[in-house]
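Thanks for coming. I have one structure to go through today, so let me put it up.

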Amino acid sequence: MSALLTVEDLRVSFPTRTGVVEAVRGVSFTLGRERLGIVGESGSGKSQTGRAIMGLTPPHAQVTAKRLAFDGIDLLSAPPKLRRDLRGKRIAMILQDPKYSLNPVMSIGKQIVETLWRHEKVGRAEARKRALDMLAAVQIRDPARVFDLYPHEVSGGMGQRAMIAMMLVAGPELLIADEPTSALDVTVQLEVLSILDRLVAERGMGLIFVSHDLRLVSSFCDRVLVMYAGRIVEEIAASDLANARHPYTQGLLNCMPVIGADRHPLPVLDRKPEWAL
Ligand SMILES: Nc1ncnc2c1ncn2[C@@H]1O[C@H](COP(=O)(O)OP(=O)(O)OP(=O)(O)O)[C@@H](O)[C@H]1O
Ligand SMILES: [Mg+2]
């Protein structure tokens with residue numbers, strides 16, 4: 001498998017009044033055209049890893065890496081214009097909360113069309129058709145009607161799907177999905193996941209799927225990175241999860257509820273200071 005993305009010793013830190021917060025502390029992995037999951041508890045550095053790849057780290061933060069390369073392009077030394085061009089065109093990211101990604105004062109269809117125009121020169125009719133096709137691809141039943149709606153006029157699940165349509169309209173090769181379904185109810189969650197799954201298979205995209213839900217990630221991805229305190233503590237094939245070696249991964253597995261099983265007392269996730277070293 002050719003590497004679409006190479007990440008070597010990625011570090012992200014934030015200077016704060018009380019000292020430097022090291023959000024990501026030496027993360028390394030490679031990604032082909034496959035589905036890679038990143039799991040870990042809140043604050044473990046999942047989103048900051050995705051944002052650093054995307055080039056969306058807050059300006060006051062410091063990002064370093066031995067190597068951060070997308071399809072042979074060195075991202076950290078790439079000029080800002082090249083990074084902007086890559087973003088949305090070849091690399092796309094679904095953010096944790098769709099509310100921050102959709103523009104509240106522009107209709108959904110117009111936003112998808114504008115995104116396409118930022119990256120491709122296509123005529124008005126062709127752009128509209130591509131946007132409608134994309135809305136249909138994310139299973140929006142009445143694309144022509146939804147095209148003219150504003151974000152506040154659609155449900156959360158529809159907004160999330162509209163955002164996925166916007167992210168995918170330019171045909172990215174790498175998609176970073178940061179908790180794309182955690183704000184949705186379970187049935188809509190599964191729908192959105194199956195849409196992503198189909199698009200990844202049909203388009204041969206590489207996918208980084210970020211979640212705190214180990215069960216969801218392992219059912220959906222080929223490979224899983226487990227993060228703890230800014231580092232990868234374990235990398236494991238999804239099919240091999242039951243044989244996880246790291247006590248943190250084992251702890252996450254033991255905390256997953258089993259229907260019908262007696263859960264008294266409730267298991268508590270154990271954390272050892274030495275895992276964060
Ligand atoms: N702007 C910022 N300034 C200072 N520290 C930050 C900033 N953004 C993130 N951090 C810190 O970076 C660490 C990692 O954050 P990140 O958002 O990557 O976590 P996460 O694994 O995505 O968590 P969650 O599951 O809650 O989304 C956290 O400790 C967080 O407090
Ligand atoms: Mg996050």
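I'll start with the chain as a whole and then move to the largest pocket.

This is a predicted model, so please keep that in mind throughout. The protein chain contains nine helices and 11 strands. Its radius of gyration is 19 Å, close to the 19 Å that the globule rule gives for 277 residues, so the chain is as compact as a globular protein of that length.

Now the pocket. How much space lies in the largest pocket? About 470 Å³. Its lining consists of 21 residues, and those nearest the centre are Gly-88, Thr-115, Arg-118, Met-166 and Met-167. By class, the lining has 10 nonpolar, six polar and five charged residues.

Which elements supply at least two residues each to that lining? They are α2, at 80–86, β7, at 91–94, α3, at 108–119, and α6, at 156–168. Of the elements, α3 gives the most, with five residues.

Last, the domains. Domain 1 covers 5–90 and 173–276, while domain 2 covers 101–171. Each of the two contributes at least three residues to the lining of the largest pocket.

That is what I have; I'll take questions now.

Notes
Residues are numbered from 1 along each chain as its sequence is written. Chains are lettered from A and ligands numbered from 1 in the order in which they are written. This is a predicted model: local features need pLDDT of at least 70, side-chain atom pairs count only at pLDDT 80 or more; totals for chains, interfaces and linings use all residues. Side-chain values use heavy atoms; hydrogens and water are left out. On a 1 Å grid over the protein atoms alone, a cavity is a set of points where a 1.4 Å probe fits but cannot get out, and a pocket is an open set with protein on both sides within 12 Å along at least five of seven lines; lining residues have an atom within 4 Å of a point. Grid points are joined across faces, edges and corners, and a volume is the space filled by probe spheres set on the points. Helices (H or I, at least four residues) and strands (E, at least two) are DSSP runs, numbered from the N terminus. Ala, Val, Leu, Ile, Met, Phe, Trp, Tyr, Cys and Pro count as nonpolar, Asp, Glu, Lys and Arg as charged, and the others, Gly among them, as polar. Domain bounds come from an automatic or database domain assignment. The radius of gyration is taken over C-alpha atoms; the globule rule is 2.2 Å times the number of residues to the power 0.38.
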